[in-house]
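Open the structure in your viewer and have the selection tool ready. We will go stop by stop.

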Amino acid sequence: MTLVAYNQRMNNASSTTEPVLDAIRAAAVRGLEPIELPAPLLNGNQSLTVALKLRRSTREYTDRPLPLQVLSDLLWAAFGINRPSGDRTAPYWRHVMVLDIYVAMPDGVRLYDPLAHKLLPHLKGDIRKQTGVQDFVSMAPIEVIYVAHGERMTDVSPEERRLYASVDAAFIGQNIYLFCASESLGTVFRGSVDHAALARILMLPGEQFVTFAQTIGYPK
Ligand SMILES: Cc1cc2nc3c(=O)[nH]c(=O)nc-3n(C[C@H](O)[C@H](O)[C@H](O)COP(=O)(O)O)c2cc1C
């Protein structure tokens, strides 16, 4: 089975079969449109060492939205597909696709689909404030939430699930840091999150869990 086919199968398997929950989720997403991302432009001309020099955490933002092309390039840099095999810009645990990237924006939450390079509607409404506990959270246009599929991490303890899922998120987070540094964007990777509350808000099924969040926007 190819990696792409495997991921498609796992994505299908992750949706609950409980009809009541399915109905609740369907109602929560109604009216939120998908976002078709333009093809990523892979011609950034900032050198890696300059981006490394500029990398930092930012905690003051304007509410200026990201242009669609910038959002596209950002998500590709974060965890997009960079090879015909379907593999990604970040390494991941045991070649098992564990991490999903949810993007909370003012109008709702969408799930990044790297295969289609598209943002799929997940939840209508602004939940950016609930992705963290610090004052600056929700000032920026984008709050990313890293969600792990625990059920895909077989034969490991709950502690190891947390550990490996966190490392997966951290690699993606650093990709975002470097992309933001090269595009004069600000970002901060955040562990100060009410994980259980956020999982409830996102209506995560079964063994999926929130690992970290990351704020992205234009610095003040
Ligand atoms: C695992 C982890 C969790 C973090 N959690 C938070 C957080 O909840 N809130 C925050 O403002 N910064 C958070 N940060 C960012 C760090 O505070 C920041 O990277 C560190 O102070 C160094 O600053 P710099 O990134 O500007 O170099 C976190 C960083 C990591 C690696």
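Each stop below names what to select and what is there.

**Stop 1: confidence.** This is a predicted model. Colour the protein chain by pLDDT: the average is 92, and 92% of the residues score at least 70. Now select residues 9-16, where pLDDT stays under 50. The model has nine contacts for this stretch beyond four places in sequence. Where pLDDT is low, the predicted coordinates should not be read in detail.

Stop 2

Next, select β3 (108-113) and β4 (residues 118-124). Six bridges join these antiparallel strands. Find Val109: its bridge partner in β4 is Leu123.

**Stop 3: strand β5.** Select residues 142-149. Is this strand enclosed or open? Eight of its eight residues are buried, so β5 is largely enclosed by the rest of the structure. Check both faces. Ile142, Val144, Tyr146 and Ala148 are buried on one side. Glu143, Ile145, Val147 and His149 are buried on the other.

Strand β2 (residues 99-105) runs antiparallel to β5, joined by six bridges. Strand β7 (residues 208-217) also pairs with β5 in the antiparallel sense, over eight bridges.

**Stop 4: the nonpolar core.** In soluble globular proteins, nonpolar side chains tend to be buried together. Here the largest nonpolar core has 47 residues. Select Ile101, Val103, Ile145, Tyr146 and Ile172: these have the most contacts inside the core. Elements that each supply at least two residues include α4 (68-79), β2, β5 and β7. Which element gives the most? That is α5, with nine residues; look for α5 at 158-182.

Zoom in on Ile101. Leaving aside neighbours within four places in sequence, Ile101 is in contact with Ala78, Phe79, Tyr112, Val144, Tyr146 and Ile172.

**Stop 5: the ligand.** Finish by selecting the residues around the ligand. They are Arg56, Ser57, Arg59, Gln134, Val188, Phe189, Arg190, Gly191 and Ser192. Colour this shell by type: two residues are nonpolar, four polar and three charged.

Methods: Residues numbered from 1 in each chain as written. Predicted model: local features only at pLDDT ≥ 70, side-chain atom pairs only at ≥ 80, totals over all residues. Buried ≥ 20, exposed ≤ 12 C-beta atoms within 10 Å, placed from the backbone. Helix = DSSP H or I, 4+ residues; strand = E, 2+ residues; numbered from the N terminus. Pairing = 2+ DSSP bridges. Near = placed C-beta within 6 Å. Nonpolar A, V, L, I, M, F, W, Y, C, P; charged D, E, K, R; others polar. pLDDT = per-residue confidence, 0-100. Contact = placed C-beta atoms within 7 Å. Core = buried A, V, L, I, M, F, W, Y, C linked by C-beta atoms within 7 Å.
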